[in-house]
Amino acid sequence: MSSASLVGLSDIRLHFIRNDRPVLFVSATCFNLIGIDEWVRRFRFINYLDCFDGAHPNVLSPAEVPHLPFTSIEDINNYLLEHKDVVDFVRSISDGETKPLAVFLMFDQRTEELCAELGLEIAFPSAALRAEVDNKITTTRIAARAGIEAVPNVLTPVEDYEHLRRVAGHLGESLVIQTAFGDSGHTTFFVSNAEEFAAHADEIIAAPEVKVMKRIRCRGAAQEACVTRHGTIVGPLMTELVGFPELTPYRGGWCGNEVLPESFSEDVRDEARGMTVAFGEELRKMGYRGYFELDFLRDLDDDKLYLGEVNPRITGASAMTNLAAFAHADAPLFLFHLLEYSDVDFELDVDALNARWADPANIDAWGQLVIKHVSESVELVLAAPPSGIWRLMPDGTARFVRVQTHRRTVESDDEAFFLRITRPGDYFYEGADLGILITPSRLMTAEFELEDRARRWIKAIRAQFVTRPVSAEDPDVAGQTLEAGNFKIL
């Protein structure tokens, strides 16, 4: 990469168009950074699942070889980094002088060791720092240092139900308890009585410390940002789809987002942006650089905005942020993350960029649905829909229009881009990801219920999967591990 300083967005875009340093996104799928390869020369996806059946020019998905059961996204990434085809590919693109950059959704210390062996530089803060920030207990304390309010809470160990009531009685009868790590579908517990506590007592009591919150009537929102040497760049505030039983089996589980200029008042958008900048600057003091996402909770009773949690990484909302209209007009947020790890100087007016990205006129309407298998049944998938552009027909069915590698060519609100995750030969099990549908129309009503159009899309896409029931004793399931629903691959 050039050592000359980049001045402004034109230089930054040109820099990546001419980029000669390989950048590899190693993950289960290409979903989180889909489309970035069109902005960054020599950007490649190294994925366990080939969502495009060989049709994507920049996806390398090596043939599966025997491995231990995956229990996390980190396991998948480490499997890929040890795969001979991936090792050979990395060696073929390394020139011995500049290390290729590696990007991950999740990684751990073993990932760092494998990258060092392969001569890859990880373009993220260390796994240890990310884990520290990702800890929901630590997040609450970081927010307090930044002057950001969380839902009224107490951080405490819990010995039993009686102890819980003693330490958190001032928060009311209905409580929400979170352990330090894990997504909201699995590690957030709603407790109003001893019976509800007993259902999750082992996990709560085993934790060294939990976050016990007052239960409020709230709606979720999400905002992605990037800590750079010139300040924190902030993307648009997005609504979140949470807990819809048509999409996820998990109460409180994330299942999509909307980017809509009218979703929030100007005051709420300004407040969220200010909180995000303040949090980003606190992260900078900790040595954190690059991409992160904040979840907010908006109290429906008094419209107060609280910090929910932080994801110190790219997320399931990153495709929405990086493919939005303002990103195409300027540059995707993720490019500023890469700049922080590209050994190049750049000059940028962050305040001006944030002001432009905050203007509702620069935000177009998009929504995404993350479709999971919502029942406890186990089913073998015999046929699955291809990734690409689909059209919702007047009779409620979906028709495949053409192969496409991301949503850019969706032309109307009766079309959508579908990224298939579950393939023929895979299994449906509770929580399995079928795929992601992205469409240029809103998905929820003003009352935060699913739009009829969203329900028709969900039904139409599900109908494209052909399955047959199986049981744990079925010969086809023997030796298979169906526990991936216990961790997120997106």
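Biologist: At what angle do helix H6 (residues 136–145) and helix H10 (residues 266–285) pack?

Modeller: This model is predicted: local features need pLDDT of at least 70, side-chain atom pairs count only at pLDDT 80 or more, and totals for chains, interfaces and linings use all residues. Residues are numbered from 1 along each chain as its sequence is written, and side-chain values use heavy atoms, leaving out hydrogens and water. Helices (H or I, at least four residues) and strands (E, at least two) are DSSP runs numbered from the N terminus; axes are lines fitted to C-alpha atoms, for helices over the stretch in contact, with angles from 0 to 180 degrees between N-to-C directions. The axes of H6 and H10 are 9 Å apart, and the packing angle is about 105 degrees.

Biologist: Which residues of H10 make the contact with H6?

Modeller: Contact means heavy atoms within 4.5 Å. H6 contributes Thr139, Ile142, Ala143 and Arg145. From H10 come Phe279, Glu282 and Leu283.

Biologist: How are H5 and H6 oriented to each other?

Modeller: The axes of H5 (residues 127–134) and H6 come within 5 Å and cross at roughly 75 degrees. Angles under 35 degrees count as roughly parallel, over 145 as roughly antiparallel, 65 to 115 as roughly perpendicular and the rest as oblique. H5 and H6 are therefore roughly perpendicular.

Biologist: Which residue of E20 is the bridge partner of Trp390?

Modeller: Strands E19 (residues 388–392) and E20 (residues 398–402) run antiparallel and are joined by four bridges; pairing takes at least two DSSP bridges. The bridge partner of Trp390 in E20 is Phe400.
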